Amino acid sequence: MMKTRLIAALLASCLCVAPALAADKVKIGFITTTSGPNGIIGKHMKDAADLALEKLGGKLGGRDAEIIYGDDQYKPDVGRQLAEQMLKQDKVDFVTGVILSSTLLAVYQPVIRAGKILISANAGPSQIAGKMCAPNFFTTSWQNDQTPEAMGKYMNDLKIEDVYVMAPNYAAGKDMVAGFKRYFKGRILNEVYTTFGQADYQAELSQLKAAKPKAVFVFYSGGMGIQFFKQYAQAGLRDIPLYSVFGADETTLPAIGEAAIGNYEAGFWNYDLDIPANREFVDAFRNKYGYIPSYYAAQSYDAINLINSAVEAVGGDVGKTEDMIAAMEKADFKSVRGPFQYNKNHFPIQNFYVFQITKDESGNLVRKTVKTVFEHHKDNYYNDCSMQ
């Protein structure tokens, strides 16, 4: 009942609801980063979204569809401007994409208050999983804490005595460290937060080396990860095992190079997961684009298919927001991660794995799945969500 009231309130707050089939096409606003050092992430996300729509015949729920892309330049304020433009000028029916947690927090209220459905294809800040949850928000990725929770458990199971922890000083960085500490019960020698976007870590690496930890855990994504991993190896620290989340993946490995070999990563998805929908996705992606997809691509591919399941359930009538939300809650589509359930806060309950960086038979740097750490893992914040 609580969820129904929330949906009704959201829809009532929208100044105007377009007639169900007034638009010629179903429109998806897709916010990502396509310029600068982190543009490679946006390329993976865009390529996957385009592939998903292509495999659906260019239609969602039987209606012609269009994806409108916007470059947020890796800046939250630009992301918010894009969301507002997509809502007011482009008249989009859904908004998805979004890399940074800070950007998702910036675009969240405009989309939610407009009564549109927002699907994160990457960011998962704790606030939205908890007290800020809303019926018309979903994610096809994870809550920020979950992946480092898996790494924390894995390292705890290895009985590692002490760890040195580093992350950038912003919303996701704090979430990642909180998640790691929730499951790692050993000693943390130091917890260092660096400037977001920092490119030079020599001073921090000197301090790390002096501390002589048994292992290191870090969260550095995109360009930050490339710089950190290369400098870590250059500083002669390879004898200290490096465990990371969202740092060494198919968007960054070509730039990091062999400095990443042997390092460990964690995540909910990998290209080598033996799941029929995943094999089909990876093969189609590689055949079309000539490179191995990342988890950014997998999440974006799932986001388009989740939207399709909603539009299909209402016979193409995207004015039936409440019915589309009910359809999306069933997660009734072929996800690349395999079957999963949505928790009451609309975050997936799913498996998490540990990978190790190695080379495949073609010499490509890849993340090879080592083991399953969690099965059907829930995030830590869903009890703070008021939806039932």
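A disulfide here is a pair of cysteine sulfur atoms within 2.5 Å, and by this rule the count comes to one. You're looking at a predicted model, in which local features need pLDDT of at least 70 and side-chain atom pairs count only at pLDDT 80 or more, while totals for chains, interfaces and linings use all residues. Residues are numbered from 1 along each chain as its sequence is written, and side-chain values use heavy atoms, with hydrogens and water left out.

Let's start with that disulfide. The partners are C133 and C385, with their sulfur atoms 2.1 Å apart. The link of C133 and C385 is right-handed, with 90° about the S-S bond. C133 sits in the loop between α5 (126-129) and β6 (137-139), and C385 in the segment after β14 (365-377), so the pair ties together parts that are 252 residues apart in sequence. Those element names come from DSSP runs numbered from the N terminus: helices are H or I with at least four residues, strands are E with at least two. In general, a disulfide is a covalent bond between the sulfur atoms of two cysteines. Both ends are tucked away: C133 is buried at 10% relative accessibility, and C385 is buried at 3%. Buried means under 20% relative accessible area, with exposed over 50% and partly exposed in between (1.4 Å probe, protein chains only).

Next, the helix pairs. The axes of α6 (residues 146-157) and α7 (residues 171-183) come within 7 Å and cross at roughly 35°. Axes are lines fitted to C-alpha atoms, for helices over the stretch in contact, and angles run from 0 to 180 degrees between N-to-C directions. On the α6 side, P148, E149, M151, G152, K153, M155 and N156 take part, and they meet M176, G179, F180, R182 and Y183 in α7; contact means heavy atoms within 4.5 Å. Sorted by class, the contact of α6 with α7 has six nonpolar, three polar and three charged residues. For those classes, Ala, Val, Leu, Ile, Met, Phe, Trp, Tyr, Cys and Pro count as nonpolar, Asp, Glu, Lys and Arg as charged, and the others, Gly among them, as polar.

Now for α8 (residues 202-211) and α9 (residues 222-234), whose axes come within 10 Å and cross at roughly 50°. That makes α8 oblique to α9, since angles under 35 degrees count as roughly parallel, over 145 as roughly antiparallel, 65 to 115 as roughly perpendicular and the rest as oblique. This crossing of α8 and α9 is right-handed. Q202, L205 and L208 of α8 make the contact with F228, Q231 and Y232 of α9, giving four nonpolar, two polar and no charged residues.

I349 belongs to strand β13 (residues 348-359) and is buried at 11%. I349 touches F340, Q341, Y342, N343, H376, H377 and K378. The C-alpha atoms of I349 and H377 are separated by 5.2 Å, though these residues are 28 apart along the chain. T252, in the loop between β10 (242-245) and α10 (253-256), is buried at 1% and touches G222, I226 and G247. G79 lies in helix α3 (residues 76-88) and is buried at 0% relative accessibility, in contact with I31, D72, T103 and V107.

Terms used: A crossing is left-handed if the near helix is turned anticlockwise from the far one by less than a right angle, and right-handed if clockwise. Lists of a residue's contacts leave out its neighbours within four places in sequence.
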